[in-house]
Structures are given as C-alpha cells and as structure tokens.
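Visitor: I would like to learn how to read a structure like this one. Please take me through its features in turn.

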Amino acid sequence: MSATGKKTVRLVAADGAKVEFVPEVIGSGAMKDVYFSPDRDYVAAFFRKPLDSSARDRLENITGVYRETIFGQPGGEYWKKLFCWPERLVEWDGRPGLVCPVYDPDFFFDSGRFRGREKEGKWFASARLRNKHLEADQKGDWLKYLQVCLNLARATRRLHAAGLAHSDLSYKNVLIDPKKGRACIIDIDGLVVPGKYPPDVVGTPDFIAPEVIATARLPLGDPGKKLPSIATDRHALAVLIYMYLLYRHPLRGPLVHDLDPAIDEELSMGSRALFIENGRDRRNRPKAEQLEAEDRPQADVDQLPYTLCGPYLSELFERAFIEGLHSPASRPAAADWETALVKTIDLIQPCQNPACAEKWFVFDNKLKPKCPFCGTPYTRQLPVLNLYWSPTAGKFKPENHRLMVYDKQSLYMWHVSRMISPNEKTGPEHRKPAGDFHFHNGRWILINRSLPQMYDKSEDKKIEPGEAVSLEDGKKILLSAENGGRLLVVQLVNG
C-alpha cells in the first residue's frame, strides 16, 4: 500500500531500478494506458498489445543509448525542459511499458473551462479554437509564441543532430505554455532511426509531409513510398511555426481539387498541396469575404500576411512552403529556424497600444512603422542598431542582423560576440545582461554593466562598466575588441 492508502504495484525495470505505480488508469492513448506513481512524480505507461522484437529493441535504445546521447553530454540537463523522454523500460503482466517524467505544471491549464487539462498545442494554433474557447489570460502574447517556436526549433535540431526523427511532430505531440514561452515535445517512444527503425505511424493530419500523403497507397517496400524522416519532420516543424505565429494552416485554403472529400483531402495535402500565400499561384488564397467570424482576423492573409513575421522568418516560410513543399531537400533545417527566430526576437518592439492583444510586433524598417495586429503607429524616435562583427582585429563585416531598442531592454553576450550563441551551451555567466537600454531625459542611452572593452568609436572614448553612452544617429560603439566581437552602428528612425 502507498502512503495514500492505495494499492501499489512494484516492479523492477530493465535497468534494475525499482518502479511503483497505482493500478488506476489516469489516461489512455491510441496504444498505451497510463498510471501514476504513488507520489505522482513519474508515470508508467503500458502498451495494450505485445511488441515485436524490433519495437522492443527500439524502446531499449530510446531509454538507453539515445537517451544518453541527448542527456548524458555536457549541457544535457537543458534538454529535460524540452522533452518528456522515457527513462526506463518495464513489464507488467506481459505488457511492456515505459517510465516517463510527469509533465511540468506549466503545461496544464490553471484556470478557465479547461482547468487541469494538458495544454495541448492545438488550442493555441487555430484562430477558431483560440477565439471560441480560450480566455485572454491563457493566450499569451506574440513574443511568447516566438519563444515557443524557438524552443521547438531547438529541440528538433537536437533530435536531428543525433540522427533521430520524431515521425509525428504535431500540435498533438507538443505541449506549450504561452504564458512563459515554453514548449515540450512528447510521445518520444515512436522515434525513427533512418535505416534501422521504421515509423509506427505516418503522422497527424495537417502535419504529414505532401510526399508521404502522395505515396500512401503504395505498399511497404515499394521504392517510391515515402515514410516519416528528418525531411518530413522539417515540414511539420515549419507548419507548427507558421500556425503558432499566424493561427492558421499554411495549406488549407479554398481550392477544391475533387468533389469526393477524401480524394480532395489527399490531393490538397499531398501531390497538389499549395501554399495559401504563394505569390506566384494565388488559387488557394483565402478570400476575406468567405471567412467565418470565428476565424477572423487571423485567417485573413491580406490583413495579416506572413511577412509580418519579419524578413528572416518570411524567407524560411517561402523555402518551406513554396520551394520545399514538394522538394524535401530544399526545406529549411531546424537550425535555420532557430537562427531566424533568434534574429527575429531582436527585431521586436512593444506595441504602444495597451489594449493590443499581441503586445509585440516585428519592426519592418518602414518610415512609418505600425503594429500589424492592431494598427497602432509607432510615434517615438526608435534606435536601430546594425551589427557588424570582427573576423580579425580592426576589421568589421556587416551581418544582416539588427537589434531594435526599447526601454529597459537588455544587451546580452550573444549580441556582444559572434562566438556566443543563445542556446543549450550558453553558460550562466553569459546569460546575465551585459548592458541595458533606457529612454532617459528625452534621449536613448546604453548603460555598460560588465563589458571591459566597450568603446565609443565616434568620440574616441572608453565606456567603463557603470557608465552610459548616448545612442545618436551614426554613432559607432565597439562592444568587444576580441575576434568575433561586435560593433554597433546606430540608426535613428522617427516614428
């Protein structure tokens, strides 16, 4: 019996660890029943049907060598926040099972009609579901969705770097918390290892790559049949990012290919899939007057085009849904999305309308910038910092990277040096703000907090830690004299 007085089952896992659970089903999926441990600090999930030798071998490797590959390396602790990874293999009454961590409390609704339910990603990716079912305090703001997408891209990049594909990346297998910008990939037990373990499923509708749908009728073993892989994960990741930032599906438009709904679905999402915002072929473009009230304004591509996501993400959306839609080799990798999202976050501005639902927007470098979500114009002077980096001492090259300034914004070490990236390898010493920006007495300033080599190149003056430098048009500020160190060139834009 457990401390709560409930009957418990005690087992020894394949790795020799002791496992306990209360034999009361708390949830069921397509293949497994799930049970809590007595203290609810982990779960045991048992398959309903026996597994063949290949499936069992896959689970042994997922809980063994692949888990060690992800979590056993330097920085491995970081990934525990982004994956709900099975920890060990067990067996009960002839049924194989997995021991997994419980989901973090952030991934459960804490109020509203869904209180206590998992924050499955689908609730946040559809305009209709958001507008009909979610309270305002559950939706988060647009900056948080950029952070959600960054975490998803980073986690997917790590899987692919290890040679693994999720095979069913979708909003059903992703938990997100828009309040904090967090994301967690679940259902890891179906990982695909190309050439070793085939997929158990082909994916979730809306996220299955067109080539998989187009060849679904071919028998297994046919050389033309396409199965889930890293390339199909890339399609699914692009769809997720598009949906979390724009709240609509990139391929579901008004174009009808066949009067039979099943055939039309197969063609629309398969061999004839067409991006709804394809500028060269507008047949699938939604018409504003045909949209239902619950889908507006988010589904109106004329009012809220993908270009509102800024230049870096716009380029990747075009690669994913125009160039790469039917050419898997052309799709952006997860690392491409990660880089673009980091640079996009550096372009955001807070909306000056307190009632704006999204709160943030990407500055588009126009003479009269405005928030695309609520239409509020930006009316203050805005510093734009163009980043240059030093490949060798004394020489600087442009990076196609800008940092937009807002009051009380922080400057970090990944802005100071090109040799530092904001990812799982970033140490705590590099996560502290190196400086901060303020609008003070009618002018913009940068306060140096910790940089020993900050230098005002325009005034030929060193800026010591604790001192401030004024952000004036054309001002050049050296952040670091080391290789990879950056130079800021200030551009002032009047709203």
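Guide: Start with one residue and its surroundings. Leaving aside neighbours within four places in sequence, Trp 337 is in contact (heavy atoms within 4.5 Å) with Ala 153, Leu 237, Ala 238, Ile 241, Leu 313, Leu 316, Phe 317, Ala 320 and Pro 332. This is a predicted model, in which local features need pLDDT of at least 70, side-chain atom pairs count only at pLDDT 80 or more, and totals for chains, interfaces and linings use all residues. Residues are numbered from 1 along each chain as its sequence is written, and side-chain values use heavy atoms, with hydrogens and water left out.

Visitor: Which residues have the most contacts inside the largest nonpolar core?

Guide: In soluble globular proteins, nonpolar side chains tend to be buried together. A nonpolar core is a set of buried Ala, Val, Leu, Ile, Met, Phe, Trp, Tyr and Cys residues joined through side-chain atoms within 4.5 Å. Buried means under 20% relative accessible area, exposed over 50%, and partly exposed in between (1.4 Å probe, protein chains only). Here the largest core has 126 residues, and those with the most contacts inside it are Phe 83, Trp 85, Tyr 244, Leu 245 and Trp 337. A second, separate core has 12 residues, among them Tyr 42, Phe 46, Val 90 and Trp 92.

Visitor: How do I read the packing of helix H10 and helix H11?

Guide: Two packed helices are described by the angle between their axes and the distance between the axes. Helices (H or I, at least four residues) and strands (E, at least two) are DSSP runs, numbered from the N terminus. Axes are lines fitted to C-alpha atoms, for helices over the stretch in contact, and angles run from 0 to 180 degrees between N-to-C directions. H10 (residues 311-323) and H11 (residues 334-345) pack at about 155°, with axes 8 Å apart. H10 is therefore roughly antiparallel to H11; angles under 35 degrees count as roughly parallel, over 145 as roughly antiparallel, 65 to 115 as roughly perpendicular and the rest as oblique.

Visitor: Which residues of H10 and H11 meet?

Guide: From H10 they are Tyr 312, Leu 313, Leu 316, Phe 317, Arg 319 and Ala 320, and from H11 Asp 336, Trp 337, Ala 340, Leu 341, Lys 343 and Thr 344. By class, this contact has eight nonpolar, one polar and three charged residues. Ala, Val, Leu, Ile, Met, Phe, Trp, Tyr, Cys and Pro count as nonpolar, Asp, Glu, Lys and Arg as charged, and the others, Gly among them, as polar.

Visitor: At what angle do helix H6 and helix H8 pack?

Guide: H6 (residues 142-161) and H8 (residues 230-246) pack at about 175°, with axes 9 Å apart. That makes H6 roughly antiparallel to H8. By class, their contact has 13 nonpolar, two polar and two charged residues.

Visitor: Is Phe 321 buried or exposed?

Guide: Phe 321 lies in H10 and is buried, at 1% relative accessibility. Leaving aside neighbours within four places in sequence, Phe 321 is in contact with His 235, Ala 238, Val 239, Tyr 242, Pro 250 and Phe 275. Phe 321 and Pro 250 are 71 residues apart in sequence and 7.6 Å apart in space, C-alpha to C-alpha.

Visitor: Where does Glu 424 lie, and is Glu 424 buried or exposed?

Guide: Glu 424 is in the loop between helix H12 (413-416) and helix H13 (428-431). Glu 424 is buried, with a relative accessible area of 12%. The side chain of Glu 424 makes a polar contact with the side chain of Arg 157 (2.9 Å). A polar contact is a pair of N or O atoms within 3.5 Å; within protein, one must be able to donate a hydrogen and the other to accept it, and residues adjacent in sequence count only if both atoms are side-chain atoms. Asn 423 lies in that loop between H12 and H13 too, and Asn 423 counts as buried at 14% relative accessibility.

Visitor: Which peptide bond is cis?

Guide: The bond from Arg 296 to Pro 297 is cis, with omega near 5°. Pro 297 is in the loop between helix H9 (261-269) and H10.

Visitor: What is the phi of Arg 40?

Guide: Arg 40 has a positive phi of about 60°, although it is not a glycine. Arg 40 counts as exposed, at 53% relative accessibility.
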